[in-house]
Amino acid sequence: MKRILWPACFMFLLIQFAYSQSIDKTKLDSYFQTLEANNKFMGSVAIAKGGQVLYTKAIGFRFVEDKLKPNEHTKYRIGSISKTFTAALMFKAIDEKKTDLTQTLNKYFPTVKNSDKITLGQLLNHRSGIHNFTDDANYSQWYTQKKSEEEMVKMISSLGSDFDPGSKAAYSNSNYVLLTYILQKLYKKPYNEILQDKIVKPVGLKDTYYGGEISIGNNESYSYQFNNGWKKQAETDMSIPAGAGAIVSTPTDLTIFAQALFNGKIVSAESLKQMKTIQDGYGMGLFVAPFHEKKSYGHNGGIDGFTSNFGYFPEDKVAIAFTSNGSAYDNNKISLALLSSVFNKPYELPVFVTVTAGDLDQYLGIYSAKNFPLKITITKSDNTLIGQATGQPSFKLDATAKHVFNFDQAGLALHFNPDTKEMTLKQGGRDFLLIKE
């Protein structure tokens, strides 16, 4: 028996070793070291394939003020990736015959407009029409205050409906807050206990749980935005986003969760099929993202200064994830770098060029064009170039080459020609030529 099994095990190890060798870890390290050195990204990333974690990296600070560094087990708020967990929990309840997708909302919350028409399925794929409470003009005045279920339901009910249920789709955090409360009624226990019982413990997640006030002593991270240095952000009280955005996790745990979800360890094959079904751009707790000829399922997240993303490629059994507590960079480029590494595609290291205040004078002015609806005003602050479109907030530009400046968070690049007093604005695959007035 041993003579038969040993070569098979050895071959398995060789395959796993080949996977790990396919990633240029030195190049990825350089990529993230460049971002860290230029204050572009703080956080953690992970790549897994076939159940094996191939790469992890943590950079920046989890607590800037005390210079505390993160590690592989540092926890971050993952924002709306929580919705994938909540959707999985709801389908778990469906698999257990506790409810079904056609159940209408009025059984639980009759005060919500159209509750007699809104189904659990429509909550899951954002087709309910219920107004998104985070779009409320007053949201910034109360998001740090603890709220009860009664208060949240009353507020969501007061905001009304944006469209008839099922007529179209529009993203709404309200949907998943209500799903949280429904889960608690179905299981007769708090959401955090349901999460632990149905996903965290069975799957073996080590650093995933329902969040509370940030605890540095528990290896959690504060969040920041960069404005002449990293500035600490206020904390959303986690009673508000609930299952729409209150989970804390790590990239490694997110890759383990993704693999478990797509390999039948959390919900049934039929339930996973429903989650993956895309209508008007929305699945049920999942989105689809292409990479060359491949397709992944996942979700992104953002809360306070935290941003996050995970994706899973079922055919390749590849999972990537990142969690960030501070980003002044285009996070999509980070995902592309991780995917390019694991799928052996070319990608460039980020470049940031040092310029002086005097260098910037040649670019200052107002740029416009007949075929472009806005004017772009270019100013400077010390040795930083500042852009501002008509009626829009200003944004800081990074020098990436001679006469080239980027605003990576918006995927925007400005190419200047001082001799002709022209500027080419590049965004979303389109080029616009503007002339200095």
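1. The lining of the second largest pocket divides by class into 12 nonpolar, 12 polar and no charged residues, where Ala, Val, Leu, Ile, Met, Phe, Trp, Tyr, Cys and Pro count as nonpolar, Asp, Glu, Lys and Arg as charged, and the others, Gly among them, as polar. A pocket is an open set of points on a 1 Å grid over the protein atoms alone, with protein on both sides within 12 Å along at least five of seven lines, and its lining residues have an atom within 4 Å of a point. The model is predicted, so that local features need pLDDT of at least 70 and side-chain atom pairs count only at pLDDT 80 or more, while totals for chains, interfaces and linings use all residues. Residues are numbered from 1 along each chain as its sequence is written, and side-chain values use heavy atoms, with hydrogens and water left out.

2. This second largest pocket has a volume of about 440 Å³, a volume being the space filled by probe spheres set on the points, which are joined across faces, edges and corners. Of its 24 lining residues, Ala289, Asn300, Asn309, Asn332 and Ser335 lie nearest its centre.

3. The largest pocket holds about 950 Å³ of space, and among its 36 lining residues Lys40, Phe226, Ala328, Lys396 and Asp398 lie nearest the centre. By class, its lining has 16 nonpolar, 14 polar and 6 charged residues. Strand E15 gives the largest share, 5 residues; strands (E, at least two residues) and helices (H or I, at least four) are DSSP runs, numbered from the N terminus.

4. The largest nonpolar core has 63 residues, and Phe85 and Ile199 are those with the most contacts inside it. Such a core is a set of buried Ala, Val, Leu, Ile, Met, Phe, Trp, Tyr and Cys residues joined through side-chain atoms within 4.5 Å, and buried means under 20% relative accessible area (1.4 Å probe, protein chains only). Helix H6 (residues 173-187) gives the most to this core, with 9 residues. Leaving aside neighbours within four places in sequence, Phe85 is in contact (heavy atoms within 4.5 Å) with residues including Tyr191, Leu195, Ile199 and Phe257.

5. An open sheet of 3 strands has the order E3-E7-E4, with antiparallel pairing, where two strands pair if DSSP finds at least two bridges between them. Strands E3 (76-77) and E4 (209-210) stand at the edges, each with a single partner strand, so one side of each is left without a neighbour in the sheet. The bridge partner of Tyr209 in E7 is Val248.

Note on methods
Buried < 20%, exposed > 50% of the residue type's maximum accessible area, 1.4 Å probe, protein only. 1 Å grid on protein atoms, 1.4 Å probe; cavity = no way out; pocket = protein on both sides within 12 Å on 5 of 7 lines; lining within 4 Å.
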